[in-house]
Amino acid sequence: MEIHKEKIILMHQYLDGEIDKIKEMELFTHIEKCEACRNHFEELTQSISMIQSAENIQAPSGFTNNVMRKLPKEKKRIKYKRWFQTHPILTAAAIFFILMLSGVFSQWNQDNELVVSKQEDLIVQGDTVIVPEDVVVDEDLVIQNGDLLVMGVVDGDVTIINGKLINEKSINGKLMASAGEVNGELQIVDRVFEWLWFQVKTLFKNVFAFSAG
Amino acid sequence: MEQLIREKIKRVKKGDQAAYSMIVDFYQDRIYQHCFRMLGNKHEAEDIAQEAFIRAYINIDSFDENRKFSTWLYRIATNLTIDRIRKRKPDYYLDAEIKGAEGLTMYSQLSSNDPLPSEEVESSELNHYIHQEISELPPKYRSIIILRYLEEFSLQEIASILDIPIGTVKTRIHRGREALRKRLRHV
Ligand SMILES: [Zn+2]
């Protein structure tokens, strides 16, 4: 019995292609004269060739689409980044062209005048815009070339370009102090580069909001 | 092909999700078939094969590009099928499970798409029989027998797919062949 067990180990070595010539000879010499081992060997090779006859099957139709749909959403940032990366010149040209069209460059150069996105209810004193105590501004406020003093409330975002948020100001000898609040985001842009970046960001925010909607 | 896959993987790693669809396309039949052979039914196979591709995508950063992608993908798929088998109830039967789900046996699912001429029915019956016998092998032998004889990986590749020493692969394939022989010798 032991001798057959040894031969069975050799059979498996043979099937894995891990047998040397001498052992192989030994195995087949034994198989020729031993019926039990011959049957065992045939059963092994036949069961292997039988499972190898199994047909190939294909993934159901729409498999790839189903996988792609279930993938976690690609971050938008990456999508835009990819677009910029794949079209760098186009992106640069587009930004430049749009800035030219919208007169952004010339605006910065010539315009030192105070510009406020909203006039009513606000007090303009020299180059300072004041949100009075009893006023609530519920929209975004953009001030260019001027300072802002908030005594009332601004619920929207505040952007100050080439100016600053001040805490107090003396008007007609009376000291006005900032006691109000800005509930939106406050952005102060006081350099050309930052200002340009602000313009580009705003532009792209709008473009993408548009294309996403 | 291997080179093209490598390039796609680099792009996926950079966040290009669309590049992944070509990878899924390329491996879908092999991975689905592997899952089907491990699990023995189409419904679970589709589920797990999809899960394997999703896991691979999520973990793509941990894939070492110096290694073979197919090996890594098979490893994920094999682990998922083994997990699924473990979670099954002990009295799980092939026919019972499918009857519950769709009122179809695996055989009728296999052949339900279009009526087959009689000799093809015979080959399909044999095919069904073979798959059933394979799916009744203990999972640790099953995976090795499938990888070796149906998917034709080398012993070394199987060792890296299953993350076990090559000596263990040899022992298991030896026992797997014996288990298969006992099942199929009277056919
Ligand atoms: Zn013998």
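User: How should I read burial at the place where the two chains pair: are B:Arg181 and A:Glu43 buried or exposed?

Analyst: A residue is called buried under 20% relative accessible area, exposed over 50%, and partly exposed in between, with a 1.4 Å probe and protein chains only. Here B:Arg181 is buried, and A:Glu43 is buried as well. Please keep in mind that this is a predicted model, in which local features need pLDDT of at least 70, side-chain atom pairs count only at pLDDT 80 or more, and totals for chains, interfaces and linings use all residues. Residues are numbered from 1 along each chain as its sequence is written, chains are lettered from A and ligands numbered from 1 in the order in which they are written, and side-chain values use heavy atoms, with hydrogens and water left out.

User: What joins the side chains of B:Arg181 and A:Glu43?

Analyst: In general, side chains of opposite charge can pair when their charged atoms come close. The side chains of B:Arg181 and A:Glu43 form a salt bridge, at 2.4 Å from N to O, where the term asks for a side-chain nitrogen of Lys or Arg within 4 Å of a carboxyl oxygen of Asp or Glu. This pair crosses between chains, with B:Arg181 in helix H10 (residues 166–184) of chain B and A:Glu43 in helix H3 (residues 35–52) of chain A. Helices (H or I, at least four residues) and strands (E, at least two) are DSSP runs, numbered from the N terminus.

User: Where in chain A do A:Glu24 and A:Lys21 lie?

Analyst: Both belong to helix H2 (residues 21–33) of chain A, three residues apart, which is about one turn of the helix. A:Glu24 and A:Lys21 form a salt bridge whose closest N and O atoms are 3.7 Å apart. A:Glu24 counts as partly exposed because its relative accessibility is 22%, whereas A:Lys21 is exposed, with a relative accessible area of 63%.

User: Which parts of chain A does the pair of A:Asp147 and A:Lys164 tie together?

Analyst: A:Asp147 forms a salt bridge with A:Lys164, and their closest N and O atoms are 3.5 Å apart. A:Asp147 lies in strand E6 (residues 147–150) and A:Lys164 in the loop between strand E8 (158–161) and strand E9 (165–166), so the pair ties together parts of chain A that are 17 residues apart in sequence. A:Asp147 is buried, at a relative accessible area of 13%, while A:Lys164 counts as partly exposed, at 48% relative accessibility. Elsewhere, salt bridges that share partners join A:Glu43, B:Glu178, B:Arg181 and B:Arg185 into one network. Over all chains, a search of the whole structure finds 21 salt bridges.

User: How many helices and strands does chain A have, and how many does chain B have?

Analyst: Chain A has eight helices and 13 strands, whereas chain B has ten helices and zero strands. Buried residues make up 35% of the 213 residues in chain A, and in chain B 49% of the 187 residues count as buried. A contact means heavy atoms within 4.5 Å. Among contacts with a separation of 6 or more, residues 24 or more positions apart account for 45% in chain A and for 62% in chain B.
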